[in-house]
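Q: Could you take me through this structure step by step, giving the general idea behind each feature before the case itself?

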Amino acid sequence: MINIALEKLSSFVKSVPTGLMGPDRTSYIVEKTEELSFDEKSVFIKFFNHILTVMVDREASDVEIGGYGTANFIWFRIKGIKKRVQDLPNLKLDESRALI
């Protein structure tokens with residue numbers, strides 16, 4: 001399921017025009033997610049739920065996905081300490097935008 005979600009995310013973000021930046025890029029991605037099929041959205045939801053399940057299992061208080069400070073990693077705050085989650089996949093900025 002994770003590999004399928006990553007493949008679909010990668011394919012989806014390839015359609016984003018390279019000339020779009022900042023809020024315009026995010027707005028474009030948000031608008032395009034409305035065009036995803038029910039099955040594609042279901043894959044993304046299952047993947048995100050997997051991330052949240054790992055978060056709960058590790059007793060993390062919050063998760064950080066996307067943004068320039070993440071270096072494409074998913075981060076959890078566990079008992080007040082922010083830690084990179086090494087066993088979850090890296091997500092490029094546009095992949096994070098689409099997933100969120």
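A: Let us begin with contact, which here means heavy atoms within 4.5 Å, and with helices (H or I, at least four residues) and strands (E, at least two), which are DSSP runs numbered from the N terminus. This is a predicted model, in which local features need pLDDT of at least 70 and side-chain atom pairs count only at pLDDT 80 or more, while totals for chains, interfaces and linings use all residues. Residues are numbered from 1 along each chain as its sequence is written, and side-chain values use heavy atoms, with hydrogens and water left out.

Q: Which elements do the buried residues of α1 pack against?

A: A residue is called buried under 20% relative accessible area, exposed over 50%, and partly exposed in between, with a 1.4 Å probe and protein chains only. In α1 the buried residues are A5, L9, F12 and V13. They lie on the same side of α1, because they cover an arc of only 90° around the axis, the arc being that of the directions from the helix axis to the C-beta atoms. These buried residues pack against α2, α3 and α4, whereas N3 and E7, on the other side of α1, are exposed.

Q: What span should the 20 residues of α3 have?

A: The expected span of a helix is 1.5 Å times one less than its number of residues. For α3 this gives 28 Å, and the end C-alpha atoms are 28 Å apart, which agrees. After α3 comes E59, with a positive phi near 60°.

Q: Which residues have the most contacts inside the largest nonpolar core?

A: In soluble globular proteins, nonpolar side chains tend to be buried together. A nonpolar core is a set of buried Ala, Val, Leu, Ile, Met, Phe, Trp, Tyr and Cys residues joined through side-chain atoms within 4.5 Å. The largest one here has 23 residues, and I51, I74 and F76 have the most contacts inside it. Two or more residues of this core come from each of α1 (2-13), α3 (38-57), β2 (75-78) and α4 (93-99), with the largest share, 6 residues, coming from α3. I51 is itself one of the buried residues of α3, and, not counting residues up to four places away in sequence, I51 touches V63, I65, I74, F76, L88 and L99.

Q: Is R25 buried or exposed?

A: R25 lies in helix α2 and counts as buried, because its relative accessibility is 14%. Leaving aside residues up to four places away in sequence, R25 touches V16, P17, T18, L20, D94 and R97.

Q: Which residues line the largest pocket?

A: On a 1 Å grid over the protein atoms alone, a pocket is an open set of points where a 1.4 Å probe fits, with protein on both sides within 12 Å along at least five of seven lines, and lining residues have an atom within 4 Å of a point. The largest pocket is lined by T33, L36, K41, F44, I45, F48, A98, L99 and I100. To this lining α3 gives the most, with 4 residues.
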